[in-house]
Amino acid sequence: MKNPKNTVWRIALFLLTVVCGLLMADRGENEFPVFACSEALSGESGSTGLLLQQNMWEVVPLLGYGIVEQQGTQNPEEDETTCRTLTTEDLISEELLLPQPEETQQTALIPESVETTAGTALSNFRPAVQQVQIDRTQLADYETLVRNFYAIDANTMAGSDQLSVEKLLGMDMTLPQEGDGPQILIYHTHSQEAFADSVPGDVNTGIVGVGECLTKILTEQYGYRVLHNTGQYDVETRDNAYSRALPAVEQILAENPSIQVIIDLHRDEVAEETKLVTDIQGRPTARFMFFNGLSRTRKTGDIDYLANENQEANLAFSFQMQLKAAEYYPGLTRRIYLKGYRYNMHLRPRTLLVELGAQNNTVEEAINACDPLAHILDMVLKGE
């Protein structure tokens, strides 16, 4: 006669195996599919998914942390890029308050030069008037705010103490106009990022060229004093690019103390079938995303040696930019992405990391995005 205790243990082991198998059956799209599922629920079913997620964190507190190898005393930020662990669908899913455009396919010829395309962008664009009014009272609810404005990576956490609409809108991001010297610094931690029709080896047809276009618009159309640093920190490898960029940017700031706004301009990478493009005034325009590092992971907690005294201001700056974008250019931006490290965002209170378009956008689409981005920035810096 079989021992009934052994039978019970065999059944329990079988059920555990089945559950683990189901959790891993995600085609390799997520490191931790159960949390991708719970985040999806939080976006579709009110607080159910968030409650499920919180309960799971309590049971298995380290689950969901994006694994980053750390050897010796090496700074993990050095090897950490802005690549995400959430799926593309998580980042561009349908929103509750903020309308999203239909994903479309656009094609464009390789531009003769970035300067020619930039000139076209300058002449054909008209700053938009407000299109929609976002109800601030609804955003006072933490879950509503997160669902509409944020994608929080599984390796970090942000609570209602940080993501409070009152706090985010309460910080003054206006830029004083008096004085001399550059006010805005634009640079590229990943200068080699290119687009679908960039000329191989020519950074001026990649993200650096887009940065030059943004510089021209902010200078000529809005009257800002802008310094564009075209230093290259990722030529042989992207590893340690943030660490290599940091002393160079610190030197620029030391030599130009008048700089109060920093923009680290990137190009994202998405699944090939995903096209981050929308139509603005008849022009195919790359969608973009603001990115914040929180200097905190679920595995390590607050990262003391990556402290960011300007983190609250950074969060307020990106949120105010996102809110303006939602009201003046609905569907142009993706949700603000929050991840665990610092990404050199500690150098100034008004620091933005922008992921503009992706590898399958054209240079024209990326250039066209500079106009609304500059307009949004101008409105926030003027407090409009």
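**Reading helix H12 and its neighbour**

Author: Let's start with a pair: helix H12 and helix H13 (residues 363-382) pack with their axes 9 Å apart, at an angle of about 120 degrees. Axes are lines fitted to C-alpha atoms, for helices over the stretch in contact, and angles run from 0 to 180 degrees between N-to-C directions. This is a predicted model, where local features need pLDDT of at least 70, side-chain atom pairs count only at pLDDT 80 or more, and totals for chains, interfaces and linings use all residues. Residues are numbered from 1 along each chain as its sequence is written, and side-chain values use heavy atoms, leaving out hydrogens and water.

Reader: What do we call the way H12 and H13 lie to each other?

Author: Angles under 35 degrees are roughly parallel, over 145 roughly antiparallel, 65 to 115 roughly perpendicular, and the rest oblique. H12 and H13 are therefore oblique.

Reader: Which residues of H12 meet H13?

Author: Contact means heavy atoms within 4.5 Å. From H12 come Phe-317, Gln-320, Met-321, Lys-324, Ala-325 and Tyr-328, and among their partners in H13 are Leu-373, His-375 and Ile-376.

Reader: How many residues of H12 are buried?

Author: Buried means under 20% relative accessible area, exposed over 50%, partly exposed in between (1.4 Å probe, protein chains only). In H12, 17 of the 18 residues are buried.

Reader: And why does Leu-163 count as buried?

Author: Because its relative accessibility is 2%. Leu-163 sits in the loop between strand S1 (150-152) and helix H9 (165-170). Helices (H or I, at least four residues) and strands (E, at least two) are DSSP runs, numbered from the N terminus.
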